[in-house]
Amino acid sequence: MRSLRLPMSPDVISSLKVGEVISISGQVITGRDEMHMRAIEYSDEGKPVPECIRNSTLYHCGPIMLKTDGVWHVIVAGPTTSARMNKLEPEVIRRFAIKAIIGKGGMSPDVLGAMKEMGCIYLAATGGAAVSLAEGLSRVTGVEWEDLGMAEAIWKFQAENLGPLIVAMDCHGNSLYDEVKKKLIRD
Amino acid sequence: MSMIKLPESIEDTVVNLLRLANTKLPTDIGWALEAAAAWETNPIAHSQLGAIMDNVKKAEVLGRPMCQDTGIPIFYVRGKFDSSIAKDIAAGVSKATKTIPLRPNTVDPLTRKNSGDNLGNGMPIIHYIPTDDDFTEITVLLKGAGSENMTRLGMLNPADGVDEIKKFVTDAVLDAGGRPCPPGIVGVGIGGTADECVAMAKTALIRVLDEDNPDPVLKRLEEDLFIKLNGSGLGPMGLGGSTTVLAVKINTAFCHTASLPVAVNIGCWATRRASVRISDKGSEYSQGAKL
């Protein structure tokens with residue numbers, strides 16, 4: 001398993017091929033439906049958005065967090081279904097130069113196109129493996145847009161060996177999901 | 001499984017029930033995952049099954065929810081009970097949200113405002129099955145959104161027959177792809193009315209995996225779909241492989257002569273269920289109760 005540090009250089013991102021298994025260390029932020037909607041809305045209106053979104057590694061995740069003695073801790077944090085963000089993601093990738101997306105289930109051809117254009121990759125985390133994945137996210141560095149609620153807020157983590165993650169959509173227009181879909185036997 | 005002596009309030013019983021369902025995968029589902037890992041040859045699929053089983057063990061040891069989507073709890077109350085049980089179950093859900101903790105998941109459908117305690121208009125969902133027994137049995141099924149969002153209802157024509165039913169179920173599972181966190185359980189309802197059909201598909205998810213359907217025709221249909229879906233190549237998380245489903249479970253009911261309703265309700269690999277039987281002797285917890 002290749003162990004990579006964030007932020008990844010364009011060369012490293014470009015070198016990642018579909019099917020490769022990696023782990024990552026560095027700043028990861030979470031964002032789901034509400035975060036995508038607000039980021040686009042605020043940027044349309046010229047309102048500031050949290051700086052951490054730009055050039056980020058964006059984890060489609062709504063973790064369970066617990067505040068004890070004024071400090072946030074992660075309890076569990078697995079991926080959510082990325083396809084819900086299909087309509088919003090191309091715009092978010094372009095406006096905020098997202099470098100990597102972590103999620104489950106894969107995303108649409110439009111998203112794959114935006115990823116190719118902007119040099120972004122999609123990493124598949126194992127759906128439901130929330131306890132194991134939280135081990136790689138034990139350092140919580142902050143929260144933005146907390147008013148969106150626990151699941152929808154932007155949580156900031158300093159990831160350490162977060163993985164295993166499968167490179168499922170690369171920045172060259174290849175998608176493991178599409179390969180599997182093409183070969184599906186329905187009859 | 002384990003017996004807790006009375007007095008234990010229904011509220012605390014519900015907290016214990018939710019903790020059990022969230023932190024411990026039912027044994028039959030664990031076995032099915034292990035069996036799948038033994039026959040799976042695709043390396044990516046194998047890595048996904050390994051990560052799942054590793055996670056299940058950690059959740060149980062640490063006493064943490066195995067998935068961050070602690071879902072919508074759906075309750076089935078069977079036996080003897082009175083109407084006050086709804087209030088007690090709601091209190092248990094609210095308390096469990098804070099103490100386990102669970103993720104606050106319930107929001108107003110339009111404003112998207114989160115209640116913060118997994119309650120709100122229409123929540124929690126409770127189904128009642130009165131019987132002449134002298135116990136009260138509460139079963140909970142935790143339903144995450146990833147799998148629930150893939151639900152399909154088809155009002156087929158009676159002339160479509162079994163082949164179209166098979167196609168409808170196959171398409172529902174394969175079109176869902178990796179979104180419902182395969183390999184999971186495919187709950188199928190055939191017959192009834194539209195609403196009953198979906199309800200049957202959901203209760204099929206509560207059935208223990210290694211207990212055969214008593215109806216030989218349905219058993220055969222379940223097996224046919226199981227073989228077909230696992231031969232599709234979709235695999236764990238939709239990343240390819242020969243493990244797409246752990247089981248197919250079908251419930252049927254009589255329907256109108258002009259109708260053929262078919263519903264598919266998918267359960268993720270973490271189809272979390274638990275039951276408690278409350279009697280004079282105490283509260284007995286298990287994860288394989290029948291409805």
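In chain A, 64% of the contacts with a separation of 6 or more link residues 24 or more positions apart. Keep in mind that this is a predicted model. Chain A brings together 6 helices and 9 strands, and 58% of its 187 residues count as buried.

**Overall form of chain A**
- The radius of gyration of chain A is 16 Å, which agrees with the value near 16 Å that a compact globule of 187 residues would have.
- Along the principal axes, the C-alpha atoms of chain A fill a box of roughly 55 × 40 × 40 Å.

**Surface and charge of chain A**
- Chain A carries 21 positive and 23 negative side chains, with the centres of the two sets 3 Å apart.

**Nonpolar cores**
- The largest nonpolar core has 89 residues, and the members that touch the most others are Ile53(A), Ile98(A), Tyr122(A), Leu33(B), Val186(B), Leu239(B) and Trp269(B).
- Helix 6 of chain B, spanning residues 161–176, gives the most to this core, namely 7 residues.
- There is also a second, separate core of 30 residues, with Ile13(A), Leu133(A), Leu137(A) and Ala153(A) among them.

**A look around Leu33(B)**
- Leaving aside residues up to four places away in sequence, Leu33(B) touches Leu25(B), Leu49(B), Ile52(B), Met53(B), Pro183(B), Leu246(B) and Trp269(B).
- Leu33(B) and Trp269(B), a touching pair, are both on the list of residues that touch the most other members of the largest core.

Terms used
Residues numbered from 1 in each chain as written. Chains lettered and ligands numbered in written order. Predicted model: local features only at pLDDT ≥ 70, side-chain atom pairs only at ≥ 80, totals over all residues. Heavy atoms only, no water. Core = buried A, V, L, I, M, F, W, Y, C linked by side-chain atoms within 4.5 Å. Buried < 20%, exposed > 50% of the residue type's maximum accessible area, 1.4 Å probe, protein only. Helix = DSSP H or I, 4+ residues; strand = E, 2+ residues; numbered from the N terminus. Contact = heavy atoms within 4.5 Å. Rg over C-alpha atoms; globule rule 2.2 N^0.38 Å. Lys, Arg positive; Asp, Glu negative; His and termini not counted. Charge placed at Lys NZ, Arg CZ, Asp CG, Glu CD.
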